[in-house]
Amino acid sequence: VAGAFVALSLVLLSLPLRYREALAHGIRSSVLLPFFALQRGTADREGRYEDAAYLRAQRDSLAAFLVGQAGLAAENRTLRSLLGFKSRLGFPFVPAEAIHLDGPGKEGTMLLSVGTQDGVRDGMPVVTAEGLVGMVSQADARSAVAIDWTNPEFRASVTTVDGRTYGIAEPHEDHGRRVLVFSPNALHATPDSGALMVTSGDGQTYPRGIPVGKVVRGAAEQGTWQKSYYIEPLVSPTAATHVLLLGQPAPSQSVQDLAGAWGIRLTGAPPADSAAMPGGVAAAPAMPASTTPTSTAPPAKPAPRRPRGPHLLGRPVTQVRPAPPAPPVQQGPPDTIRPLRRQRQ
Amino acid sequence: VSVDARVRLLGFVVVLVVLHFALRVGLGLGTLAPDLLVVAFLVYAREVRPGTAAGMGLLLGLLEGSVTYTVGASSLVLAVLGYFAARSREVLASDGLVLMAFYLFAGKWAYDVLLWGVTTMSAHAGPAASLIVFSLPAALYAAAAGVAAVVAYRAVA
C-alpha cells in the first residue's frame, strides 16, 4: 500500500508543471481558502495599526511635496498642452504583502496577499521603493505566487542609465553571496563600478527604467568576445515585505519609462522592440546610443545620485525640485502612479 | 487501537495542520512559526501502519506543496518519510519525551534534506548550506513545538 502511494506521488511529481500548478491552484482556492482570507485580513489590520508617527511623517512629507510641486505640475501641463503632447500616464499598481517561502525547495518564491480579483495578472513586475524585486509567476483569485531575483528562473533585461551597456541579468552565487550577473556584454562597453543598472524594457516583461542594482565588478570571462559583470541588487527580497505590482499602462497613451519614479534620469535611447516603448529607437546590445543611426538621445551624462531619506513611489520626498525634464518624446518620469482599485471586502 | 483513539489522533493532526496554515499563511508568520504540519504528520505516522502513513503523507504533501510551490515533491517526500516513520516504531519503541524530541528533530531534518534532494532537479532547491543554516534550527524549533504539542495531547487524551 505504501508503495502505491509513493508511486502515486512520483506520478504527481512527473506531471507537467502547468498541471501541478492547476492542482495547487485548486487546493488554494478550496481547502486553503480560509487561510488566505485570514491573510488578507491580517494584512489589512497591520496596515491599520501601523505606527501612527511614521504615517504622520509620511503624510507631512507628502503634503510638503505636493505643495512644492503644485506650480510645477500646472506649468508642466500647460507646456505640454502647448506642445500638443498628451499627458503622461503613470503605471497603475496593486499594493501587496509578501510572505517569503524560505527553506529548501522554495528558493526565491514569495506568496502575495492579492490575486486576480485585485487586478493581479501573471507576469506583473514586483517592485518596492528601492527597485525591482521580481515578477508574479502565478496569480490565483485571492493570492499570487511571485518569484524574486534570487529565483533560478529569474531573468531581466538590464541596461545602464546611459544606454551604452545592455545585458541579461540572472541570479548568481558569488562566494556565498547572492548577486545578479549580467551577460553577454561586449568587451568594448565596460560599465563603471557602481554604475546603476535599470530594466531596459526589452522582452515585454519589465517596463523600462526600474532600478535593479549597481555594478560591483567584472566576473570571469566567458569567452573571447564577452564578459559578465556582477550586480549588487538594490532590493533585499527578505526585507521586501510590502511590494507593489505594476500593471499595464493604457495602450492609448504614449508610454514612457519608469525611471523618473525613482528619481533617475535615463539618457540612453529606449529600445524599439519593447511593447512598452512604441516609437522608441533600436539600440543594439553594447552599442553606444549616440552611434545608433536613428538615435536622437542626448549625450550620455552620469546618472544623478538617488536622494537619501524616505521614498515615495513617484518621487523621493526629499527631492525639492524634480530632475530636469527629458527631451520630448524620448522618455521621462510619469506624473503620477495611480493605484488600481482594490476590491476588498 | 480503538476507534476513539483514532479519532483523537486524527483530531490532533487536524488541529496542528490548521494551526500550521493559520500561523504561516493566515497570520503571515512564514517560517517564524514552527513546521507543525510535519510535526503532526510524524506523530501520526508512529501510530498507524506504513501504508496509512504514506497515504496521509501524500495528502498533507499536496496541501503543503500548494502553498510552497512544491506540489509533487512534498507529497513524495512525506509519503516516503511516512513509511519510514511508521517503521521506526520497530526501532524506537519508547514513548518518552526525550526520544520523541529526537524523533521529531530527525524527522523534520530528514524532510528538509529529502525535499532539497528532490527539488534539486527543478533548480528550486537553493544552496546545500541551507540544510545546515536553515534546516537544523528549524528542526530544533519543530521538535520543541512538537514535544509541547504531544504533552498537551497526552494531557487531553
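Two residues are in contact when heavy atoms of theirs lie within 4.5 Å. Keep that in mind for this tour of a predicted model.

Stop 1: Select chain A and colour by secondary structure: you will find 4 helices and 12 strands. Of its 345 residues, 49% count as buried. The accessible surface of chain A comes to about 16400 Å², and carbon and sulfur atoms own 59% of that area. Among contacts between residues at least 6 apart in sequence, 65% join residues at least 24 apart.

**Stop 2: the barrel.** Now pick out β1, β2, β5, β4, β3 and β12 of chain A. Followed in that order, these 6 strands close into a barrel with antiparallel pairing. On average, neighbouring strands of this sheet are turned by 40 degrees against each other, direction ignored.

Zoom in on β1 (residues 93-100) and β2 (residues 109-112) of chain A, an antiparallel pair with 3 bridges. Which residue is the bridge partner of Ala98(A) in β2(A)? Select Leu112(A) to see that partner.

**Stop 3: helix α1.** Move to residues 2-14 of chain A. Helix α1 has 13 residues and reaches 18 Å from first C-alpha to last, close to the 18 Å expected. Show the side chains of Ala2(A), Val6(A), Ser9(A), Leu12(A) and Leu13(A), the buried residues of α1(A). They lie on the same side of α1(A) because they cover an arc of only 115 degrees around the axis. Turn to the other side of α1(A), and Ala4(A) and Ser14(A) are exposed.

Definitions and conventions
Residues numbered from 1 in each chain as written. Chains lettered and ligands numbered in written order. Predicted model: local features only at pLDDT ≥ 70, side-chain atom pairs only at ≥ 80, totals over all residues. Heavy atoms only, no water. Helix = DSSP H or I, 4+ residues; strand = E, 2+ residues; numbered from the N terminus. Buried < 20%, exposed > 50% of the residue type's maximum accessible area, 1.4 Å probe, protein only. Areas by Shrake-Rupley, 256 points an atom, 1.4 Å probe, with all protein chains shown as cover. Pairing = 2+ DSSP bridges. Axes fitted to C-alpha atoms, helices over the stretch in contact; angles between N-to-C directions. Expected span 1.5 Å × (residues − 1). Arc of directions from axis to C-beta.
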